[in-house]
Amino acid sequence: MPNITNIRCVLLSSSYADADDPEIKECFPNGPKRTIGMVEVTLDNGVTGLGEGYLAVFAPRVFESIVDLCRPQVMGKDGFDIAGRVRDLRSLCDYWSLQGAARHVIAAFEIALQDAKGKSLGVPVYDLLGGPKADAIPIYGSGGCCDAKHQFLREFDLLQSLGITRYKMRAIKTDILRTAWVLEEAGRRGIQVGVDMCQNLADPPQEVEDVVAYVEAVHALTDQRMIFVEEAIGPDAPEGFKALRGRIDVPVCGGEIITTPKEMIERINNDVYDFVQPDASVMGGISAVMDVFEAARAKGTDVVVHAWGGAAAIMASYHAAFAAGGKLVEYPMLDFPLGTEMIGDQGRIVEGQLLRPTAPGLGLTLTPEMEARYTFDETAVYSCALIDFGPPPDSYWARETEGQGA
């Protein structure tokens, strides 16, 4: 079997989203530009594979340092024994990072090895995992980082051009009129709306009562209904999610921040969520997401993969979904030229469905010319020290919702 001959850390930065989007203004203090971090594995058959850890969006130099630490642990070893290489890396990192940053880096290694093995054998990664369960999977548009009507309307236009009928917006508990306006406007276009309540960075997070009051207040203003609420409680409060499920008639989901399949499976078995959202670039790789799918299937819980990183992160989660029979996947709508170029025609969306990629490995392209055009920018990082510019006044949305609804 081919052995690993080189490990390279690749940090690249690309323009991102719209400078006027609230998330960009609040979380990217140096402007609309984002960094991704990848591991490139080279095997002695000359094949390379790419993997990604979501950590680099926030702390690229930390990602790089952990890659440097991990490199000697796998050099010269069998690149096709992916489970063995994950065990090697965990033996190095689990004592000080059983959960958290190192898991993102292990994910990058695992995904890169899956990509290299698929390319070596001339098959897509999902074929390494038992083969695809479908030729296409329904997709939902993930956007809604908006504070102006024209921004929402622009995203609705994009959804309609792709035939996508499900959409996710971001909102907090005070965004009642704004949410009602979005539900109404989307509903007129035949689009259903879920809400990400953005509690992953909230300390302390909102209470169950806050979410119940928000949902009831929005639904009192419109006949349209939310199709889910995501991350509505803090990441370390599974009991809150479970309690919320008994209080509202909207599906409750979460899990993008969970970094081990063990923890997510415990939450599945404890009925914490209506459906879970694992991310291969966070949880330790594609095999970890496959473990979640298996446990969720036994429990009767749906899995909707989270896809919000760069190209390798997104495609890793998509391949897991195709292999495991996922019924819905996330489509990040914010413009990211580097990711779009790397994915190319392997992420086609037709009539609201993601078509099964067909290229060997993950199906990614990264050339020296691309690396030269998307050089790493030290300032292009996501800051969790939020700058709150505040939303438009309620009156901005109230004029649109007045007299509408039930």
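This is a predicted model: local features need pLDDT of at least 70, side-chain atom pairs count only at pLDDT 80 or more; totals for chains, interfaces and linings use all residues.
Which residues does I111 touch, not counting residues up to four places away in sequence?

Residues are numbered from 1 along each chain as its sequence is written, and side-chain values use heavy atoms, with hydrogens and water left out.

**Exercise 1. Describe the surroundings of I111.**

Step 1: I111 sits in helix α4 (residues 101-121); helices here are DSSP runs of H or I with at least four residues, and strands are E runs of at least two, numbered from the N terminus.

Step 2: Check its accessibility. I111 has 0% relative accessibility and counts as buried (buried is under 20% relative accessible area, exposed over 50%, partly exposed in between, with a 1.4 Å probe and protein chains only).

Step 3: List the contacts, meaning heavy atoms within 4.5 Å. I111 touches L50, G51, E52, A280, S281, G285, I286, A312, A316 and L362.

**Exercise 2. Follow helix α12 from its span to the residue after it.**

Step 1: The helix covers residues 286-299, which is 14 residues. Its expected span is 1.5 Å times one less than its number of residues. From first C-alpha to last it reaches 20 Å, close to the 20 Å expected.

Step 2: Pick out its buried residues: I286, A288, V289, M290, V292, F293, A295 and A296.

Step 3: Look just past the end. G300 follows α12, and its phi is positive, near 80 degrees.

**Exercise 3. Find what D377 pairs with, and say which parts are tied together.**

Step 1: Recall the cut-off: a salt bridge is a side-chain nitrogen of Lys or Arg within 4 Å of a carboxyl oxygen of Asp or Glu. The whole structure holds 30 of them.

Step 2: D377 bridges to K33, with the closest N and O atoms 3.4 Å apart. Because D377 lies in the loop between α15 (368-373) and α16 (394-401) and K33 in strand β2 (residues 33-43), the pair ties together parts 344 residues apart in sequence.

Step 3: K33 is partly exposed, at a relative accessible area of 31%.

**Exercise 4. Compare the accessibility of D81 and R85.**

Step 1: Their side chains meet in a salt bridge (3.7 Å, N to O).

Step 2: D81 is partly exposed at 30%, whereas R85 is buried at 9%.
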